[in-house]
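Here is a short briefing on one protein model. Topics run from the overall fold to single residues.

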Amino acid sequence: MNYSLIRMICVAGAALTLTACAGLHDVSNKWGPPDHQKQKPVQETPVQETITLKADALFAFDQGHLGGMLPAGRTELDKVAEKIRTGYARVDSIELVGHTDRLGSDAYNMRLSQERADTVKSYLQQHGVAAPISAIGKGETQPVTHGCVGEIATRALTECLQPDRRVEVIITGIRRGKK
């Protein structure tokens, strides 16, 4: 048997195989597909979601600190914290905006709205929300109600103005995909 002939055929076959493969793959790519065949990461655009929380459901009347938070308010904030932690692949920012109704002085309403926003911020941070959070109070400057008549805090007027008393949670980030 002529071993040198067999060896020559094997070497020639290997050379042909390598030559054929060289045109298909980027040699510097180390066993992976060529760059043009690699999947590019999907670039998702951040979305903005606003959750409006009724201040009357979060806090006792005229309260904005943690001690004035109602049990139902804690439950609601627990749901928001869970949504932020599990519903988003990435959270770029969270903006908390506190609002009040028009009853009371401008200075008092500004302080109360800021206190409520700060309390919600602390609560979310203490419950595992690690994203950057800003908190701002707008007082009575951005009402959402129309047609609420009167200046004295009657039951009818406070009920009419309820939608103005709120904390908005504005989340900017990339939502987690459904599996």
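Exposed means over 50% relative accessible area, and buried means under 20%, with partly exposed in between. By that rule Gly-177 is exposed, because its relative accessible area is 55%. The model is a predicted one. The points below start with the chain as a whole, then turn to a pocket, a disulfide and selected residues.

**Overall fold**

- The protein chain has five helices and four strands.
- Read from the N terminus, the order of elements is α-β-α-α-β-α-β-α-β.
- Of its 179 residues, 32% count as buried.
- Among contacts with a separation of 6 or more, 74% join residues 24 or more positions apart.

**Second largest pocket**

- The volume of the second largest pocket is about 180 Å³.
- Its lining holds 13 residues.
- Nearest the centre of this pocket lie Phe-61, Asp-62, Asp-101, Leu-103 and Arg-165.
- Helix α4 (residues 106-126) gives the largest share of the lining, with four residues.
- Sorted by class, the lining has five nonpolar, four polar and four charged residues.

- Asp-62 sits in the loop between α2 (55-58) and α3 (71-87).
- Its phi is positive, about 65°, although Asp-62 is not a glycine.
- Asp-62 is partly exposed, because its relative accessibility is 38%, and the range for that class lies between 20% and 50%.
- Leu-103 belongs to the loop between β2 and α4.
- At 14% relative accessibility, Leu-103 counts as buried.
- Leaving out neighbours within four places in sequence, Leu-103 is in contact with Asn-109, Glu-151, Ala-153, Leu-157, Thr-158 and Leu-161.
- Leu-103 and Glu-140 are 37 residues apart in sequence, and their C-alpha atoms are 8.3 Å apart in space.

**Thr-100**

- Thr-100 is also placed in the loop between β2 (88-99) and α4.
- Thr-100 is buried, with a relative accessible area of 4%.
- A polar atom of the Thr-100 side chain lies 3.4 Å from the backbone nitrogen of Glu-140.
- Beyond four places in sequence, Thr-100 touches Asn-109, Leu-112, Ser-113, Gly-139, Glu-140, Asp-164 and Arg-165.

**Disulfide**

- The count comes to one disulfide.
- Cys-148 and Cys-160 form this disulfide, with their sulfur atoms 1.9 Å apart.
- Such a link is a covalent bond between the sulfur atoms of two cysteines.
- The link of Cys-148 and Cys-160 is left-handed, with -80° about the S-S bond.
- Cys-148 lies in the loop between β3 (133-137) and α5 (155-160), and Cys-160 in helix α5, so the pair ties together parts 12 residues apart in sequence.
- Cys-148 counts as buried, because its relative accessibility is 13%, and the cut-off for buried is under 20%.
- Cys-160 is partly exposed, with a relative accessible area of 31%.

**Leu-53 in strand β1**

- Leu-53 is found in strand β1 (residues 47-54).
- Its relative accessible area is 3%, so Leu-53 is buried.
- Leu-53 and Arg-166 are 113 residues apart along the chain, with their C-alpha atoms separated by 5.5 Å.
- Not counting residues up to four places away, Leu-53 touches Leu-58, Glu-76, Leu-77, Val-80, Arg-165, Arg-166, Val-167 and Val-169.

**Gln-162**

- Gln-162 is in the loop between α5 and β4 (166-175).
- At 15% relative accessibility, Gln-162 counts as buried.
- Gln-162 touches Lys-54 and Asp-56, with residues up to four places away in sequence set aside.

**Gly-177**

- Gly-177 is found in the segment after β4.
- The C-alpha atoms of Gly-177 and Ala-89 are separated by 8.0 Å, although these residues are 88 residues apart along the chain.

Definitions and conventions
Residues are numbered from 1 along each chain as its sequence is written. This is a predicted model: local features need pLDDT of at least 70, side-chain atom pairs count only at pLDDT 80 or more; totals for chains, interfaces and linings use all residues. Side-chain values use heavy atoms; hydrogens and water are left out. On a 1 Å grid over the protein atoms alone, a cavity is a set of points where a 1.4 Å probe fits but cannot get out, and a pocket is an open set with protein on both sides within 12 Å along at least five of seven lines; lining residues have an atom within 4 Å of a point. Grid points are joined across faces, edges and corners, and a volume is the space filled by probe spheres set on the points. Helices (H or I, at least four residues) and strands (E, at least two) are DSSP runs, numbered from the N terminus. Ala, Val, Leu, Ile, Met, Phe, Trp, Tyr, Cys and Pro count as nonpolar, Asp, Glu, Lys and Arg as charged, and the others, Gly among them, as polar. Buried means under 20% relative accessible area, exposed over 50%, partly exposed in between (1.4 Å probe, protein chains only). A polar contact is a pair of N or O atoms within 3.5 Å; within protein, one must be able to donate a hydrogen and the other to accept it, and residues adjacent in sequence count only if both atoms are side-chain atoms. Contact means heavy atoms within 4.5 Å. A disulfide is a pair of cysteine sulfur atoms within 2.5 Å.
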